Each structure stands twice: as C-alpha cells, then as structure tokens.
Amino acid sequence: MEILDELKFDQSGLIPAIIQDDESNEVLMVAFMNRHALQKTLDSGRVCFWSRSRQEYWIKGETSGHTQTVKSVAYDCDGDALLIKVEQKGGACHVGYRSCFFREVSSDGVSSRIVGEKVFDPDEVYS
C-alpha cells in the first residue's frame, strides 16, 4: 500500500496542508492539495497546491518568485492534514507578508494588530 492511500482526502478530494518554515518553525500559510498536487510536490521538491477558487494547480512562487523548497512532509494521526516544512524564499503571503498569519487578535476579540513583517509590495510583484 502506498503512503498516499493512508491519507483521508475530503469529499472534494482535498487535504489541508500547513506550510511551516523548516528553520524557524513559523507557520507560513495553509492551502489545499489533492492527490496529484501532493504527488507533484513529492516528485519535484517544490510545493504544488490545488486552487479551490480557480480550479487549477499552482506552484508556490511561479508568479512571484517567492518559492518554497520542500524539506519534509508529515501527516497527522488521523491522516487528514499535512505538515510541510519548507525553505521559504521571500514572502509566503500574496499580500506581501512573510507569513499569511500576520495579524494578531486582541484578547477581547474586538480588534487586531499587524505583527508580521511585510517583505514585498504585491502591486510590484503581481502587476
């Protein structure tokens, strides 16, 4: 049996992938993969996702140059989520931050503040 057969893809054939910096352990982003995107990731060493909104594959950094090189792939005890550790070049967030998790919610839940580092101007990268 293949390892991919142990994974539990949802009714749409997708599994969430948490992307984490291999050195700092910072969570960079969450996206979705189907079986083909995961296989392509394993084969190429570059992270490939399935876009639910565009209904197409995309390789991180193809447009921006902000690539993710795979260092390791793990899955949780239920087999329904992936943890992919990467070497991140540039920002992971399409709005210019290193991590998509650049906002912190206040303890009262009323407001948030930016805590992340903006590393590029999306208007320049995606023009």
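**Salt bridges in the predicted model**

Asp5 is partly exposed, with a relative accessible area of 42%; partly exposed here means between the cut-offs for buried (under 20% relative accessible area) and exposed (over 50%), using a 1.4 Å probe and protein chains only. The model is a predicted one, so local features need pLDDT of at least 70 and side-chain atom pairs count only at pLDDT 80 or more, while totals for chains, interfaces and linings use all residues. Residues are numbered from 1 along each chain as its sequence is written, and side-chain values use heavy atoms, with hydrogens and water left out.

Asp5 has a charged partner: its side chain meets that of Arg35 in a salt bridge, at 2.9 Å from N to O. A salt bridge is counted when a side-chain nitrogen of Lys or Arg sits within 4 Å of a carboxyl oxygen of Asp or Glu. This pair links distant parts of the chain, 30 residues apart, with Arg35 in helix α1 (residues 35-44) and Asp5 in the segment before β1 (15-21). Helices (H or I, at least four residues) and strands (E, at least two) are DSSP runs, numbered from the N terminus. Arg35 is also partly exposed, at 33%.

Next come Arg98 and Asp21, whose side chains form a salt bridge at 2.5 Å, N to O. Arg98 lies in the loop between β6 (82-88) and β7 (103-105) and Asp21 in strand β1, so the pair ties together parts 77 residues apart in sequence. Asp21 is buried, with a relative accessible area of 8%.

Glu56 pairs with Arg54, their closest N and O atoms being 3.0 Å apart. Salt bridges that share partners also join Glu2, Asp5 and Arg35 into one network. Across the whole structure, the search finds seven salt bridges.
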